[in-house]
Amino acid sequence: THGSEAGLLSLSVAQYDGGLSNGLSISGTSDTNGVVNTILGHGTSSLCQIAGNMLVTGGTLTSGGSWEIATGVGGYINLAAEGVNVTSTGTLAPTMKLKSTSNNAYGGYIILQKDRGDVPADNDAIGTVFFQAEDSGQTNTTYGSIEGTIIETDHGDEAGQIAITVANDGVLRNGITVKGDKGTATEVDVDIANGAASTTTIAGT
């Protein structure tokens with residue numbers, strides 16, 4: 001159709017049974033200007049190998065099934081981004097699993113690391129885990145948190161703090177705070193509950 005012309009270019013090779021299958025297919029669309037679609041490989045067991053970098057300018061990678069990224073022993077996957085969002089409508093999903101299959105006595109790690117690129121300061125927050133959901137007005141609300149903080153940065157006298165907080169009257173309040181004493185070796189202080197009217201229950205001795 002004049003003004004909506006579109007073409008298709010296919011590169012085919014012989015596969016196992018001797019038949020020709022598409023390895024590369026490039027097609028223009030007749031209804032959208034500036035869109036050219038490309039299909040690499042044939043069949044879900046095919047392998048597409050890229051030597052070098054891959055730049056995605058559209059912002060979306062879509063998969064019809066599971067993704068597997070294998071780096072090999074000692075390899076790392078590095079993401080430079082403001083955040084990673086995983087969304088699912090499934091029951092008990094989304095989930096995150098770190099599975100160690102090494103035959104030894106050690107397991108995996110979750111590391112929240114703070115690196116200023118300069119000298120750190122006392123009371124710097126290292127990392128926080130937030131537990132969020134909506135309230136009755138469908139406003140996103142933080143109902144609990146676990147936060148790690150630097151109490152003392154001096155070399156040889158480093159001290160840290162872990163605070164577990166929960167929402168009370170819409171405000172995050174202390175539940176348990178574990179704090180290393182920056183001036184006394186082998187001393188770790190623990191604050192439990194919030195306010196004189198709070199209740200602390202200990203089951204057992």
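Trainee: How many bridges join strand 6 to strand 7, and which way do they run?
Mentor: 8 bridges join strand 6 (residues 159-168) to strand 7 (residues 171-180), and the two run antiparallel. Strands are DSSP runs of E, at least two residues long, numbered from the N terminus, and two strands pair if DSSP finds at least two bridges between them.
Mentor: Before we go on, this is a predicted model, where local features need pLDDT of at least 70, side-chain atom pairs count only at pLDDT 80 or more, and totals for chains, interfaces and linings use all residues. Residues are numbered from 1 along each chain as its sequence is written, and side-chain values use heavy atoms, leaving out hydrogens and water.
Trainee: OK. Which residue in strand 7 does Ile-162 stand opposite?
Mentor: Val-178.
Trainee: And what order do the strands have in that open sheet of 5?
Mentor: The order is 4-5-6-7-8, with antiparallel pairing. Strand 4 (125-134) and strand 8 (188-192) are the edge strands, each pairing on one side only.
Trainee: What does the twist average there?
Mentor: 15° from one strand to the next. Axes are lines fitted to C-alpha atoms, and angles run from 0 to 180 degrees between N-to-C directions.
Trainee: Switching topic: what about the sheet with the order 1-2-3?
Mentor: That one is open, with 3 strands and antiparallel pairing. Strand 1 (8-14) and strand 3 (36-40) each have a single partner strand, so one side of each lacks a neighbour in the sheet.
Trainee: How many bridges join strand 2 to strand 3?
Mentor: 5, with strand 2 covering residues 20-28. Ser-25 has Ile-39 in strand 3 as its bridge partner.

Key
Helices (H or I, at least four residues) and strands (E, at least two) are DSSP runs, numbered from the N terminus.
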